[in-house]
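We will go stop by stop, and each stop tells you what to pick next.

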Amino acid sequence: MAQLLHALTAAGVLATWASASAALSPQETAQVDALIRAYPAFLSHVDGQALVWRDGTRMPLTRSNAATYTERLNNPGLLDQLAVPYPACAPLRTPAWNVDPGRTRFEPLFRRMYGGTAAQVQRNLTAVNWFGQSVQVTRVNGVDRSLQAVAAELPRSPEFRPFVTPSAGTFLWRTVACTPRLSVHSFGAAIDLNVARSSYWAWNGYREGQRGITYRNTFPLKLVQVFERHGWIWGGRWYHHDTMHFEYRPELTGADACQNR
Ligand SMILES: [Zn+2]
C-alpha cells in the first residue's frame with residue numbers, strides 16, 4: 001500500500017503519504033505507556049496497533065512516512081509525537097538541526113481531550129492567577145492546577161520575575177503562524193511568558209527546516225526546570241526555538257528525570 005501511494009504521489013495524483021503500521025518497538029511501547037500514564041482520565045491501554053481510550057475510542061498507533069521534516073510535522077502519526085525524547089531538567093544545550101522534542105503533535109489526540117472547536121475548549125477554561133494577571137487555561141487533565149503549582153513555586157526565586165511576567169497569552173484558538181497546525185494555545189494548555197525576554201526562530205526571517213538557524217535564549221535553566229517538574233515542556237529546547245512558550249505535555253517530561261534537581 002505504501003508503495004502504491006508513493007507511486008501515486010510521484011505521478012502527482014495524490015499529494016499525501018501512507019502511515020506505516022509495523023509492530024511497536026520496545027522503545028515505542030515505553031513511549032506509549034508514558035502517554036497513557038500522562039492522561040489517565042482518557043487513555044486506557046494498547047490493543048495491537050491501537051491506543052484504546054476509556055470510552056472505547058481506538059486511535060491507530062502509526063508513524064508517518066513523510067519524506068520531509070515539514071510534511072511529517074503537518075501530518076504526523078501518533079508515534080511521531082512521542083519519537084523525539086524530551087530532555088526534561090537536563091542542562092541547556094543548543095538543539096541540533098530539526099530536533100524539536102514535543103513540537104510534533106498528533107492533533108486528533110488533543111482535540112479529543114481538550115475540545116475540537118474554540119467553543120468546546122472554552123467550556124473547560126478557568127482563570128489562574130499568574131502573578132496578579134488573570135490567565136485562562138483548561139481544567140482538563142488538571143492543567144489549571146499544574147499551572148497554579150508552577151506559580152506557587154516560582155516566587156522562591158525573585159530573579160525569575162522579569163521572565164515570567166507579564167504573560168504574553170494562554171488560550172487562543174489559532175494555527176501556528178504560516179502553517180495548518182493548531183497551536184496548543186488553542187486547547188488552553190500553553191502559556192507564553194514575557195515576550196520582551198524571548199527569542200523566536202522565525203523572527204529572523206528563517207524558513208522552517210532551514211539549516212543554520214541561530215539559537216538564542218536568556219531564560220534561566222532553573223526557571224525552565226520548575227515548569228518541567230510539573231509536566232510542562234519548553235519551546236527553548238527546540239531547534240525551532242520559542243523561548244517564551246511552555247505547554248503541558250506530561251507524556252514527555254516523565255516523572256523521574258527531574259528528581260534531585
Ligand atoms: Zn506559545
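Is Phe187 buried or exposed? Select Phe187 to begin: with a relative accessible area of 1%, this residue is buried. Keep in mind along the way that you are looking at a predicted model.

Phe110 and Phe187 make a stacked aromatic pair, with 5.9 Å centre to centre and 25° between the planes. Phe110 belongs to helix 5 (residues 107–114), while Phe187 sits in the loop between helix 8 (161–164) and strand 8 (190–192), so the pair ties together parts 77 residues apart in sequence. Phe110 also counts as buried, at 1% relative accessibility.

Next, widen the view to the aromatic rings. The whole structure holds 15 aromatic pairs. To see a cluster linked by ring pairs, select Trp130, Phe131, Phe163, Phe219, Phe227, Trp232, Trp234, Phe246 and Tyr248.

Stay on Phe163 and bring up Arg197, which lies over the face of that ring at 4.9 Å from its centre. Then jump to Trp97: here the charged end of Arg211 sits over the ring, 3.5 Å from the centre.

Colour by accessibility and check two of them: His185 counts as buried at 2% relative accessibility, and Asp192 is buried with a relative accessible area of 10%.

Notes:
Residues numbered from 1 in each chain as written. Predicted model: local features only at pLDDT ≥ 70, side-chain atom pairs only at ≥ 80, totals over all residues. Heavy atoms only, no water. Phe/Tyr/Trp six-rings, centres within 6.5 Å; stacked < 30°, edge-to-face > 60°. Helix = DSSP H or I, 4+ residues; strand = E, 2+ residues; numbered from the N terminus. Buried < 20%, exposed > 50% of the residue type's maximum accessible area, 1.4 Å probe, protein only. Lys NZ or Arg CZ within 6 Å of the ring centre and 35° of its normal.
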